[in-house]
Amino acid sequence: EKISVSERMVDSSQFWMEEYESSLAIAAMSSQELDKEEHKKLKEVYSELLVQEGYECNLEQDLSSLEKGISKYMDLKYIWPVDSIAELLECLLRGVLSPGIDLGLRSKLARTCVRLLRKRCLETLPYGVPWRAMLDLLWEVHVDCAEGGPYVGRDVRDAHCRNMLSLLTKCRNFLGPNDSAERIWGELGNKIQPHNADDAFAPLLVLTHILPTRGSSWNGWVPSAMEMWKTIEFSSDWDSSWLALCARLAKHQPNVIDWTPYVSVVYERIPSSFRLPLGGAAPQNPVERRCPAQLVFLQTSKMTVCAAKFAVYALSPARPMAMEYFKKLIHLVKNFFHPSNGGKWSSYLASFLGHFTSDLVERVAIERAANEGGVKERIVGSNHVKP
């Protein structure tokens, strides 16, 4: 008797749960890998899921069972083989991008994808993560449907937004061979139009999430980025987005970029993040350019955090200009650290100081470990060494 694909998948989902329950006690007693026969059995069970073109609503139960099983195994510190992680990710990503599935379930699938992508053993994937499809989904659910869209509970919508942004950020480390930093910058960087708020912030905020900066990623976007940054004089949202990109590049490719021509631009924008009462010395502008309300959810970086990161990783004995500007910044703010000079700026200064010390300790530890391991490129500068 013929059995439909959906019926076979429901049966496989039930079989998966039975197998999961039977092996739960074994995984709880030991975090070691289970035998290869069980891996082979689980792969066979879900081989049909991995070859489907797309998921329909009648597969929600199967995907939900799969997500719960993976999450519980990860909670038990189960050691996944790398090839199994790639297959499971492909299955979960198709569920995330399927429009017919419940939004809450897709949010959970995205969260599980992020947990799998954080595995240290996973360095590459045999396929490129479809970040453009994720971006289209974010726009469809959280931007285009801001007015007049189908009703979705606030908690579900917020969870979906949060998990999808985390997934989009993780995608920049697993892009396909055709999604280089140069191509992404050419695709999105050229769309930044400072005269229009939507055209200025939308592509810039996407770049802060998806532009790769690790290893040997292309860094030729820095000169044009600095020129674009200077086009808007007074905008904390604008400054924080550009500073987030520069700080991430300075950390991931240490001592590779000569920041000397650009430190003046960066350090001119940092004091505005502290909300200091500078009076007439503060930059004056009748209207501050703000990020459009429908795009605020894409802002995930705080300017004080990015400022501390850039201040730490831009320092180099070979290029003393960064140290000179950092000294000027400290001279500007040191009086406001005194207890008698407290105010609304105190929390911003405390955040900057706390993150600066933690980033400095992290950099010293990394470079000391690299020195002991004989990896001189990590200290003298190379964009071929992955941090």
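This is a predicted model: local features need pLDDT of at least 70, side-chain atom pairs count only at pLDDT 80 or more; totals for chains, interfaces and linings use all residues.
Me: Why is Thr208 called buried?
Reply: Its relative accessibility is 14%. Buried means under 20%. Therefore Thr208 counts as buried.

Me: Which residues lie nearest the centre of the largest pocket?
Reply: Lys170, Arg172, Asn173, Arg214 and His252 do, out of 32 lining residues. The volume of this pocket is about 1,100 Å³.

Me: Which helices each supply at least two residues of that lining?
Reply: Helix H8 (154-171), H10, H12 (236-252), H14 (303-313) and H16 (346-373). H12 gives the largest share, five residues.

Me: How do you know how many lining residues of the largest pocket are charged?
Reply: Asp, Glu, Lys and Arg count as charged. The lining of the largest pocket has 14 of them, beside ten nonpolar and eight polar residues.

Me: What makes a space a cavity, and how many are there of 30 Å³ or more?
Reply: A 1.4 Å probe fits in a cavity but cannot get out. The count comes to four cavities of 30 Å³ or more.

Me: What lines the second largest cavity?
Reply: It has 15 lining residues, with Ile257, Trp259, Ala314, Ser316 and Arg319 nearest its centre. By class, ten are nonpolar, four polar and one charged.

How values were computed:
Residues are numbered from 1 along each chain as its sequence is written. Side-chain values use heavy atoms; hydrogens and water are left out. Buried means under 20% relative accessible area, exposed over 50%, partly exposed in between (1.4 Å probe, protein chains only). On a 1 Å grid over the protein atoms alone, a cavity is a set of points where a 1.4 Å probe fits but cannot get out, and a pocket is an open set with protein on both sides within 12 Å along at least five of seven lines; lining residues have an atom within 4 Å of a point. Grid points are joined across faces, edges and corners, and a volume is the space filled by probe spheres set on the points. Helices (H or I, at least four residues) and strands (E, at least two) are DSSP runs, numbered from the N terminus.
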